Amino acid sequence: MVDKRTLGDLEVSALGLGCMGMSEVYGPADDTESIGVVHRAIELGVTFLDTADVYGTGHNEELVGRAIADRRDQVVLATKFGIQRVVGGGVVEVNGTPEYVRAAADRSLKRLGVDTIDLYYLHRRDPNVPIEDTVGAMAELVTSGKVRHLGLSEVNADTLRKAHAVHPISALQSEYSLFNRDLEKSVLPVALELGVGVVPYSPVGRGLLTGDLDTFRNLPENDFRRSLPQFQGENLERNIALVERVIGVAKTLEVTPVQVALAWLLAQNEHISPIPGTKRVKYLEENAGAAAVTLTADQLAEIDSAVPAGAVSGARYTPEGLKAVNR
């Protein structure tokens with residue numbers, strides 16, 4: 001069973017389950033199989049489930065709701081609001097007005113089929129609305145009992161401080177992995193100072209750190225990752241060379257590259273809970289196995305040497321997409 005960790009004062013499983021791919025982005029999925037993945041995750045102790053209203057335009061919340069209908073008390077349920085439309089390459093349209101906060105929460109509660117959301121995130125900050133106004137409306141949801149804990153996603157350190165002053169923020173969800181470590185520069189230290197837990201999404205580099213390199217050299221034309229600079233041309237080849245180093249480390253440790261990447265994240269701080277996404281039981285079980293991998297100081301140094309901070313080639317989003325993060 002996967003151990004527990006705390007994000008603020010919220011207890012979650014050390015590894016969570018990102019459910020987005022069950023509805024969109026990474027190819028076709030089967031609802032019955034996806035529900036089976038959620039059930040197997042709960043059996044393994046992976047009880048921190050992550051969804052959002054924008055994933056599959058509501059489909060993902062409905063799917064997760066069906067999956068947990070008879071086991072609601074066994075999971076920590078997190079969802080997000082704020083992104084109204086996704087254009088591509090990380091480009092989004094956002095809404096953080098208090099009116100939208102309240103309406104979005106009610107819609108999510110209905111789709112999920114629950115009375116309370118355990119962790120409610122602002123998915124992306126609306127630059128036209130003071131963060132104090134958005135978080136103030138989120139805090140009202142806590143007071144009314146519709147939400148238990150609050151989170152933010154992809155905000156900068158200053159925004160995090162301002163939000164936390166309005167209402168305690170339990171979790172910050174941002175992209176964080178061996179490949180993408182920008183969070184370490186200024187945001188991660190502030191989060192840990194404030195007692196805010198960190199929830200890394202794309203913790204295995206959007207799948208590249210699985211080591212399945214042929215797949216990434218032949219991504220389908222409609223694969224979202226083809227729009228991202230890190231998966232294009234020479235950038236992709238340079239990044240594949242980094243993955244090959246991780247594969248080498250994994251062989252010496254007798255684990256998989258995915259388990260190296262996840263164990264490395266877990267070792268960064270006890271208040272970090274990554275949410276690798278999958279729609280297949282075999283990959284879920286591989287991910288969960290990372291929680292049992294304990295890395296020594298020498299092994300962590302070896303991994304850091306193989307993939308130093310800043311070594312990845314290309315930005316994680318397009319220039320337009322980057323405008324929506326670190327606000």
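Axes here are lines fitted to C-alpha atoms, for helices over the stretch in contact, and angles run from 0 to 180 degrees between N-to-C directions. Helices (H or I, at least four residues) and strands (E, at least two) are DSSP runs, numbered from the N terminus. This is a predicted model, in which local features need pLDDT of at least 70 and side-chain atom pairs count only at pLDDT 80 or more, while totals for chains, interfaces and linings use all residues. Residues are numbered from 1 along each chain as its sequence is written, and side-chain values use heavy atoms, with hydrogens and water left out.

| Helix pair | Angle | Axis distance |
|---|---|---|
| α9 (residues 257-268) and α11 (residues 297-306) | about 115° | 11 Å |
| α5 (residues 157-166) and α6 (residues 187-194) | about 20° | 9 Å |
| α4 (residues 131-144) and α5 | roughly 40° | within 9 Å |

Let's begin with α9 and α11. In α9, Val-260, Trp-264, Ala-267 and Gln-268 touch Leu-300, Ile-303 and Asp-304 of α11 (contact means heavy atoms within 4.5 Å). That contact comprises five nonpolar residues, one polar and one charged; Ala, Val, Leu, Ile, Met, Phe, Trp, Tyr, Cys and Pro count as nonpolar, Asp, Glu, Lys and Arg as charged, and the others, Gly among them, as polar.

Helix α5 takes part in two of the pairs above. With α6, the packing angle is about 20°, which makes α5 roughly parallel to α6 (the term covers angles under 35 degrees). Ala-157, Leu-160, Arg-161 and His-164 of α5 meet Val-187, Val-190, Ala-191, Glu-193 and Leu-194 of α6, a set with six nonpolar, one polar and two charged residues.

On α4, Ile-131, Glu-132, Val-135 and Gly-136 meet Thr-159, Lys-162, Ala-163 and Val-166 of α5. This contact has four nonpolar, two polar and two charged residues.

On a 1 Å grid over the protein atoms alone, a pocket is an open set of points where a 1.4 Å probe fits, with protein on both sides within 12 Å along at least five of seven lines; lining residues have an atom within 4 Å of a point. Of its 46 lining residues, Met-20, Tyr-26, Arg-206, Arg-225 and Gly-277 are the closest to the centre. The lining divides into 20 nonpolar, 15 polar and 11 charged residues.

Key:
Angles under 35 degrees count as roughly parallel, over 145 as roughly antiparallel, 65 to 115 as roughly perpendicular and the rest as oblique.
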